[in-house]
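Subject: Model for you to look at

Hi,

Here is the structure I promised to pass on. Please open it alongside this note. My findings follow below.

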2 protein chains.
Amino acid sequence: MTVKPLAGITVFENDSFVAGPSSTLALSQLGAEVVKIDPIKGGPDIDRWPITDEGRSIYWGTLNRNKRSVAIDLRSEEGQELAQALITSPGENAGVFVDNNVGRPFLSDEVLRARRADLVHVKVQGSADGGPGVDYTVNAEVGIPLITGEVGSPGPGNHALPAWDLVCGQAAVTAVVTGLFRRATTGEGIYEEIALKDIALAGVANLGWYTETLQPAGERAKHGNHIFGSFGSDFRTADGRYVMITAITRRQWGNLVKVTGMTDVVTALEASLSTDFSEETDRYTYRDLLESLFRPWFASRTAERITTDLEGSGVLWAPYASMGEVAQSVLDSDGSGVVRSIESEALGTMLVAANPIRMDGEYLFDERPTTFGSDTHAVLSERLGLESAELGRLVDAGVIAS
Amino acid sequence: MTVKPLAGITVFENDSFVAGPSSTLALSQLGAEVVKIDPIKGGPDIDRWPITDEGRSIYWGTLNRNKRSVAIDLRSEEGQELAQALITSPGENAGVFVDNNVGRPFLSDEVLRARRADLVHVKVQGSADGGPGVDYTVNAEVGIPLITGEVGSPGPGNHALPAWDLVCGQAAVTAVVTGLFRRATTGEGIYEEIALKDIALAGVANLGWYTETLQPAGERAKHGNHIFGSFGSDFRTADGRYVMITAITRRQWGNLVKVTGMTDVVTALEASLSTDFSEETDRYTYRDLLESLFRPWFASRTAERITTDLEGSGVLWAPYASMGEVAQSVLDSDGSGVVRSIESEALGTMLVAANPIRMDGEYLFDERPTTFGSDTHAVLSERLGLESAELGRLVDAGVIAS
């Protein structure tokens, strides 16, 4: 039996880019009806890369699937009134709003709450002081890029993944669901704000990395592809591929030494260096030596041979894959994994993921493309009771999408 | 008024490393009482780096603060029974369990659910097939490292931040809270599993990056510190510091051109190249040219001068900071931000973050260090009614911490 914990809930959103839209995407996968309210020509991310050859945004289409799309002229007074009316429309399972607005006072919490006191309103911001911020800027500010990249290389190494956006999106899900949980038990609404920069600061702080700098050793240096505080590194194979090998626990280390036939060498090294590589700290201290020790073993084997040799060895490792290889493996799969293909008129074959939370053993996979603006009339009719004559007038006046 | 949406809820955990412990840390900040059940000598992360000069784990202490710590010999039958009894102990606000176990059948969902049918049980895994996986290996498998690093550089670039662990932790929070929400409305328990590899696959898929590879352009190349699909890059300053400058929207671009005095040059370039840099795609196409164009402006100014010049300009930018600089700014602050200092007997000054979700305008900051094993007797007494004679016997038998 498929369990959708948020079935029956309606969430409105008016936002763009990754954090907000990824939160409502997750809410839709958990069973909520999500109604996305956008400016009539689309938000600032409507054409964002990656795009198809025809110029359609794969980015927008992927982050905003499974949603109903309402397009309104938010500069017109009538459009603003419609947006407010939708967001605060009645129903005990409605009254939930996610936004990332800075310059839309008509969607401020104060204005909306005056119309619906029990609103669960989650606002995603750049900085807690109301200033702007995106993944690229907050990552720079919290310290990660200066410890990312090759050992000894100067300057910052930005991450390719908008990691903080994804964490922020998940935190926004938490904000919505805790808000709903609390409203279910107390009847009270809540206003919850989340700043992307706070997400990043808290993420780093919770790993202990700011506290670490207060120790005598001070700032952490760049570690390249080494794991900090333990042993793990990438290795190149005979056929020019790469594998990530880790030995974090004592058992993983023992397995790695055994399968590579290094028992005698490691014993000799331990004796002569007065170390014990079964201790994580010693593996970390001698990480360059250990990497050099194992390098020829990997360099003399193809990726396929390494896979065979490590099978059942108890070594924790993985091959590096390219995005295209992952995509191909999804297309070749039986369609039971977390990522599957769906067809979209605008984007062709889309590779989209279920919510990774498996409920009682099942992925909830019910993924459908969204067409910008296509639910405008249906939503205004269902939620606000507008009839076709009125909808026609609003289209003619340029207030809503046709 | 401080609002703690999960006040009254008790969550048990038996896990290690980042994902599980960061989820329960967040739950504790949202008001839950978290009872961490560990093996009597600690889990595999008890000594994990970063460590203090005295060898205490800053990592463990930071991720596990705000929790009650119970230490039990989980290899003994009596210890296993105690753990089961705690996790399934009665109370409508208890019966919540987060774990990442592979080899502890006595804590399987089947066994626990037979004792408490309405359990909300969230299990964090490596791979959905039950196989192992850590941030370093799943990141390799989903394709991010091969697009991370300097343009044209060979091989993978691992991220320093365990991004997937953090996203997974937040997803585990969602799993717990949606489970609670559903139990509150239906009375039913649920078993929710989340694989770290699925988190990573879904994270990439939801950005549209796998779909992107199906387009004629194919695999994305490494972009160094450039923003994909728009304009943004790092710039070195006259005093050897770095700043991240972005121009994602049309307005940000216009502001950058204006403040750097490049209006005429940009107009000339646009005319001669038949481009329009107010279009994001054109800025992206000519990103190297544009970077070169702005580089001297930044290289001839100190970071301080750049800060002054960009103030109020509407350019979206940030200075790169080191972890130590962030730490110092927290120590120098008035203590009202998301990261603040607390004192711990074991770790000295800790820099810890409130949950980034501000509830009705307030950070919920109530952070306290946890001492390993120190709540064993109190929790067993409160939850299972054990009296001191019995606790003494269990200590003598080596079943629980003293």
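A residue counts as buried when its relative accessible area is under 20%. Keep that cut-off in mind for the serine below. Note also that this is a predicted model.

First, Ser69(B). This residue sits in strand β3 of chain B, residues 68-72. Its relative accessibility is 0%, so Ser69(B) is buried. The side chain of Ser69(B) comes to 2.6 Å from the backbone nitrogen of Gly373(B). Leaving aside residues up to four places away in sequence, Ser69(B) touches a run of residues that includes Thr370(B), Thr371(B), Phe372(B), Gly373(B), Ser374(B), Asp375(B) and Thr376(B). Lys36(B) and Trp60(B) are also among the residues that Ser69(B) touches.

Next, a sheet in chain B. Three strands make up this open sheet, in the order β7-β8-β9, with antiparallel pairing. β7 (231-236) and β9 (316-319) of chain B are the edge strands, each pairing on one side only. From one strand to the next, the twist averages 15°.

How many bridges join β8(B) to β9(B)? Four, with β8 covering residues 242-247 of chain B. Within this part of the sheet, Thr246(B) has Leu316(B) of β9(B) as its bridge partner.

Two helices pack on the sheet. Helix α9 of chain B (residues 250-259) touches β7, β8 and β9 of chain B. The direction of α9 makes about 130° with that of β8(B). Helix α12 of chain B (residues 287-299) touches β7 and β8 of chain B. The direction of α12 makes about 35° with that of β7(B).

Best wishes

Definitions and conventions
Residues numbered from 1 in each chain as written. Chains lettered and ligands numbered in written order. Predicted model: local features only at pLDDT ≥ 70, side-chain atom pairs only at ≥ 80, totals over all residues. Heavy atoms only, no water. Pairing = 2+ DSSP bridges. Axes fitted to C-alpha atoms, helices over the stretch in contact; angles between N-to-C directions. Contact = heavy atoms within 4.5 Å. Buried < 20%, exposed > 50% of the residue type's maximum accessible area, 1.4 Å probe, protein only. Polar contact = N/O pair within 3.5 Å; in protein donor to acceptor, adjacent residues only side chain to side chain.
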